[in-house]
Amino acid sequence: MKSRTKDGVGYKRPRSGAEVQISYNVTLKFSDEIVEQKSSTSHVIGTISGDQLSQTLDKALLQMTKGEACTLDCLEPKYPYNDGKKYLINLRLEQIYELKD
């Protein structure tokens with residue numbers, strides 16, 4: 001479940017194959033324990049070798065605009081690590097890089 005915590009600007013959304021700059025942290029749902037954290041990192045949406053975390057981020061990023069922030073409440077235990085635990089992901093889309101066709 002995705003909950004927007006900050007509105008983005010404009011209407012442009014990234015598409016599969018786009019390179020974006022994101023920041024995120026993953027915490028256990030009923031704890032403040034940070035499991036994974038990345039700041040201003042590059043991410044390509046829809047990479048074939050994507051793990052469960054990448055697939056989880058991709059689903060949200062395709063619905064976001066630049067500057068938007070959200071919290072992902074991972075209700076299915078297969079997301080984001082397929083280990084049966086429940087997680088929250090705080091995600092921010094900082095930049096969408098132009099794709100040239």
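Modeller: Residues are numbered from 1 along each chain as its sequence is written, and side-chain values use heavy atoms, with hydrogens and water left out. Because the model is predicted, local features need pLDDT of at least 70 and side-chain atom pairs count only at pLDDT 80 or more, while totals for chains, interfaces and linings use all residues.

Colleague: Why is Gln 52 called partly exposed?

Modeller: Buried means under 20% relative accessible area and exposed means over 50%, with partly exposed in between, for a 1.4 Å probe and protein chains only. Gln 52 has a relative accessibility of 22%, and therefore counts as partly exposed.

Colleague: Where is Gln 52 found, and which residues is Gln 52 in contact with, leaving aside its neighbours within four places in sequence?

Modeller: Gln 52 is found in helix H1, where a helix is a DSSP run of H or I with at least four residues, a strand is a run of E with at least two, and both are numbered from the N terminus. With those neighbours within four places set aside, Gln 52 is in contact (heavy atoms within 4.5 Å) with Lys 78, Tyr 79, Pro 80, Tyr 81 and Asn 82.

Colleague: What kind of peptide bond joins Tyr 79 and Pro 80?

Modeller: A cis peptide bond joins Tyr 79 and Pro 80, with omega at about -5°, and Pro 80 lies in the loop between E4 and E5.

Colleague: Why is Asn 82 called exposed?

Modeller: The relative accessible area of Asn 82 is 54%, so the residue falls in the exposed class. Asn 82 also has a positive phi of about 55° although it is not a glycine, and its place is in the loop between E4 and E5.

Colleague: And why is Ser 40 called partly exposed?

Modeller: Ser 40 has a relative accessible area of 44%, and is therefore partly exposed. Ser 40 lies in strand E3, residues 34-44, and its phi is near 45°, a positive value in a residue other than glycine.

Colleague: Which members of the largest nonpolar core touch the most other members?

Modeller: A nonpolar core is a set of buried Ala, Val, Leu, Ile, Met, Phe, Trp, Tyr and Cys residues joined through side-chain atoms within 4.5 Å. The largest one has 20 residues, of which Ile 22, Tyr 24, Leu 57, Leu 61, Ile 89 and Leu 91 touch the most other members. Strand E2 (19-28), H1, E4 and strand E5 (87-96) each supply at least two residues of this core.
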